[in-house]
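Biologist: I would like a close look at a single part of this structure, and then at a place where two of its parts meet. Please take me through it step by step.

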Amino acid sequence: MARISLDPPRTLLYRLAEAYTRRAYGVVPDPLPAMAHNMRVLLTDLRFETSLARWKKLDPGLRNLAEMAAAVSIGCSWCVDFGYWESTRHGADPVKMHDVPRWRDSDVYTDLERQVMAYAEAVTATPPAVTDEMVAALRRQLDDAQLVELTMMVAVENVRSRFNSALGLTSQGFKDRCEIPA
């Protein structure tokens, strides 16, 4: 159960964001009304997420796996649910996305994908557990711009997952609406 009301003040900004997300996702994602209790937070997040969508250096499949690995590490059921739905709806392999919680035992991943998920977990650990060897291995396959984008996307997913988890936001059933069975 959410630790904050999901019935925020119905400001113009909130109503516009609510209408947009209802069209885009079919429902209003719970982080939106949670953030809408502070309009500066909501506006900043909306601008930030819009900007993130324009980052294109990193392969989207690697980005999806990194975000999912971070969300799983933190234990954010909302992020895992939404991340699975959003990534598969944009073409990610549903088997790969489904297997992220047990990626070490799954045979569906390439070496690079395994390195990306290990890196995402290491960045997410408190304190971070990233090693020089991890970064060197990634740099053999990713250029500097891709490595920077990967690192920032893991950090961004940490912000999302920690915000949602702290406020008690849990799965909204996005994954259940997938056309492709998990």
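Modeller: Let me begin with the meeting place: this is a predicted model, and in it the crossing of helix 4 and helix 7 is right-handed. On the side of helix 4, the contact is made by Leu62, Leu65, Ala66, Ala69, Ala70, Ser73 and Ile74, while helix 7 contributes Leu112, Glu113, Val116, Met117, Ala120, Glu121 and Thr124. Helix 4 covers residues 60–74 and helix 7 covers residues 111–124, and the two pack with their axes 8 Å apart at an angle of about 40°; the two helices are therefore oblique to each other.

The part to examine closely is helix 1, which runs over residues 12–25 and, with its 14 residues, reaches 20 Å from its first C-alpha to its last, close to the 20 Å expected at 1.5 Å a residue. Its buried residues are Tyr14, Ala17, Glu18, Thr21 and Tyr25, and, seen down the axis of helix 1, they fall within an arc of 105°, so they line one face of the helix. Following helix 1 comes Gly26, and the phi of Gly26 is positive, near 85°.

Key: Residues are numbered from 1 along each chain as its sequence is written. This is a predicted model: local features need pLDDT of at least 70, side-chain atom pairs count only at pLDDT 80 or more; totals for chains, interfaces and linings use all residues. Side-chain values use heavy atoms; hydrogens and water are left out. Helices (H or I, at least four residues) and strands (E, at least two) are DSSP runs, numbered from the N terminus. The expected span of a helix is 1.5 Å times one less than its number of residues. Buried means under 20% relative accessible area, exposed over 50%, partly exposed in between (1.4 Å probe, protein chains only). The arc is that of the directions from the helix axis to the C-beta atoms. Axes are lines fitted to C-alpha atoms, for helices over the stretch in contact, and angles run from 0 to 180 degrees between N-to-C directions. Angles under 35 degrees count as roughly parallel, over 145 as roughly antiparallel, 65 to 115 as roughly perpendicular and the rest as oblique. A crossing is left-handed if the near helix is turned anticlockwise from the far one by less than a right angle, and right-handed if clockwise. Contact means heavy atoms within 4.5 Å.
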